[in-house]
Amino acid sequence: MLKLLFLLLFLSLSLIARNTCVECHKGIEDIRERDSGMMKAILNVADKAGHAGNDCIVCHGGNPRTKNKKRSHSGTVKYFKTHKGPKEYYPAPGSTWINENTCGMCHQEQVFAQMNSLMMTEQGKIQGAMWSFGGKEGYQHTAGTYDTKNPHDKSKRLGTDTYRKYMEQLATMEPQGFPKEMHEIPDAPTVEEIHKDPSLAVYTYLRQECLRCHMGSKGRFKRGDFRGIGCSSCHVPYSNEGFYEGNDPKTTKKTPGHMLVHAIQSSRKVKVQVHDINYSGVPVETCSTCHNRGKRIGVSYQGLMETEYQSTFDSEGHGQPKLHTKRYLHMQEDVHYQKGMLCQDCHTSNDLHGDGFLGGANAAAVEIECQDCHGTTKKYPWELPIGYSDEFEEKAKTGKARGTTKTLAEYLKKGYVPKNMEDGYILTARGNPLPKAVKKGNKILIHLASGKDILMKPLKLLKETDALTQEGLIAMDVIEPHNDKMECYSCHATWAPQCYGCHVKVDYSGGKKNPDFLKASHDQDIHGTTGGMRDLKKYLVPGKVTETRSYLRWEDPALSQNGEGRVSPTIPGCQTTITVIGKDGKALLQNHIFKIPNVEGAGAEGQNAIDMAPVQPHTIQKHARTCESCHASDKALGLGVGGGRLNADPSKTSIIDLMSPNRTILPHKIDEQIPAIPNLKHDYSQFIDENGTQLMTVGHHWKLSGPLSKQQRSKLDRRGVCMSCHKDIPKGDLAVSTMVHVAKMTGMHIDTKEHHGITNKLLHIGAWVQVIAVLIGLFVLYKIFFRKRKNRW
């Protein structure tokens, strides 16, 4: 009997001592390298829990003392009931809703901050949609994906003292963009509620379409959209096809919806192996899983621009497959992408994880500016003041130099930190260190997440070493307002995706239903038990959303003023034109544009609630857009493609059929070709008229956002400048006629280079003539004055 007891005890201890999880999942990849600090920390927790060597339970929980699948995939070990760790079995331990028990054991700061981060709350996206449906909360950003509020203790904000003080000041300046608390948007409406108030369709629109991408859900299972949830949204690799390609025999390789391999992708020091390739960092395509709608900055960074067409064809004649449910043209990639830079190489921990406090739109969340690394032609980055290019005022920030720092917050040291900080870490515009960028003399050494190092020369050094082109020197150094009043990317973003006219149809006829992604994401059972939203039929709500557009452009985006008070590229935001179909199949709203009274230059009649949005397109090129593309452009001024002269009146229905010469329709059996948009009297690309009257809203998140002012337009507008010379050529006055005649007689060929030379000479001659005339005038006045004085004597 005693021997039997000893045998049972031995078997129990041996079962506890070994990792029974990998006996089923034999071959599964280690979540991190065995010799990494993270894996050692995980194994240390497993050891304390009495399960030495079993790293699986530290993140996933479960019962490792049995080989029965159902029992092993339930509950958790006794140790975690009284200590930090999984409280039950978690197939998706990165889930936002439970990761305080998993990732939060070590990364408390980031897990705390995530809950109020913009990628979790989606406040800007929600406010934008609600604005276009009549401005349901006005300029406020208090509606979000769930109920939350800021911490009472202001010191809880992650960042330096300088950063905290700066953010408190911004919150005072722009309270609508920095709310103190947030409430979940209303439930999706019933069909009966829609018939009473069709504008409630915005909540169907948000819940079925827009809110697939918030960090608290796994999103939809479409090509390019597969991803994890919570921390795993970014830190676990998923391919576009969504298939598992690792060595775990229990994870299917036949159906999509799975991680590429069982591994964490993170910083430069974290190596991930996929087949025979090792990589580090978070690939851009991971970010593009979400950042392919709205501003489209993820796909744009990769040089991808949407197209409606299927070209080109593959070897079997198939058209281009859809990615993120779209097809693309391949444009010029962002120069930083070409250099091998990932999103995380510029964006900080606070940009990505949040700082623990609510921020209503992108400008609230993002703390970096181009000048943080590049500086200006007159000042190195460390010579610029805190807040430069992030002013939220209409004048450039001045003050003492920001310098560098040699200190880092402890939570930042959990990521990659260079062994040699050289002359100190570069500071962001808001006063936080950039751990990957260090000052090295008068250069900046950037340690990329890929493992590559870039030694970058700031603009001032390029100027001092005569490395700038003449065009660059003139644009960035000679014309100072370009630096002090414009974003760098106003010139250097040479293209931007412009989706004009977002036509949204929400159809409640015939009992149509689609999943409520937001409701599904809140299901604790889903995230704590299955790790994915696989039974979406449980969350069907009335209505079906479809989207289309009027047309696409990419070239020469328009200009406006952004919330930081700087001139910025501008693309269509939510230009939502709404059709709501009732239960009987009839339109409750048809091609409707809501008007919001007493906003953005409008009175009681209301301003069109379709929006043009200032944007950082993430399409930066070394060679900037041409001077003419702004200074001689109707579109740049906000007057629209072709100055608004090319389009017919969209408020009138177009019927195309056989007509008499006086345009009387001849047949009786006809259909409308292009139904009217009653509230739209101009093209979607035109947001002001020649008188400066605003025609739609422009950047409704921030106080200073809007079209260019009259003064700004007068400085920008150089349209028709050619006529100032050519109106007198060839038959102007005697001098001009003589010059033209001599040019013909000598056979002079005037090409672009020669034309530039002539114009430059005329400028200098004209300037000197005026200077000499002034000097002669002064001399004559002096002689007259001197003669009068002499006569008096």
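The mean pLDDT of the chain is 92, and 96% of its residues reach 70 or more; pLDDT is the predictor's confidence in each residue, from 0 to 100. Over residues 6–11 the pLDDT is below 50, and this stretch has zero contacts in the model beyond near neighbours in sequence. A contact here means heavy atoms within 4.5 Å. Residues 527–532 also have a pLDDT under 50, but for them the model has 25 contacts beyond four places in sequence. This is a predicted model, in which local features need a pLDDT of at least 70 and side-chain atom pairs count only at pLDDT 80 or more, while totals for chains, interfaces and linings use all residues. Residues are numbered from 1 along each chain as its sequence is written, and side-chain values use heavy atoms, with hydrogens and water left out.

The chain as a whole comes next. Its C-alpha trace spans about 140 × 80 × 60 Å along the principal axes. The chain holds 32 helices and 23 strands; helices (H or I, at least four residues) and strands (E, at least two) are DSSP runs, numbered from the N terminus. Of the 793 residues, 48% count as buried, where buried means under 20% relative accessible area, exposed over 50%, and partly exposed in between (1.4 Å probe, protein chains only). The accessible surface comes to about 40200 Å², and 58% of it belongs to carbon and sulfur atoms. Such areas come from the Shrake-Rupley method with a 1.4 Å probe, and for residues only the protein chains shown count as cover. Among contacts in the chain with a separation of 6 or more, 65% are between residues 24 or more positions apart.

Leu-304 is in strand β6 (residues 304–307) and is buried, with a relative accessible area of 18%. Leaving aside residues up to four places away in sequence, Leu-304 touches Val-299, Leu-323, Tyr-328, Leu-329, His-330 and Trp-495. His-330 is 26 residues from Leu-304 along the chain, and their C-alpha atoms are separated by 5.0 Å.

The loop between β6 and β7 (327–330) contains Thr-312. The peptide bond from Ser-311 to Thr-312 is cis, with omega near 5°. Most peptide bonds are trans, and most residues other than glycine have a negative phi. Two residues depart from the phi pattern. Glu-122, in the loop between α8 (118–121) and α9 (123–132), has a positive phi near 60°. Asn-598, in the loop between β20 (595–596) and β21 (607–608), also has a positive phi near 60°. Glu-122 is buried, with a relative accessible area of 10%, whereas Asn-598 counts as exposed at 58% relative accessibility.

The last stop is a helix. Helix α31 (residues 734–745) has twelve residues and reaches 16 Å from its first C-alpha to its last, close to the 16 Å expected at 1.5 Å a residue; the expected span is 1.5 Å times one less than the number of residues. In α31, Val-736, Val-740 and Ala-743 are buried. These residues are on the same side of α31, because they cover an arc of only 60° around the axis, the arc being that of the directions from the helix axis to the C-beta atoms. An α-helix has 3.6 residues a turn, so residues three or four places apart point the same way. The face of α31 turned away from the buried side carries the exposed residues Leu-734, Ala-735 and Met-745. Just after α31, Gly-747 takes a positive phi of about 70°.
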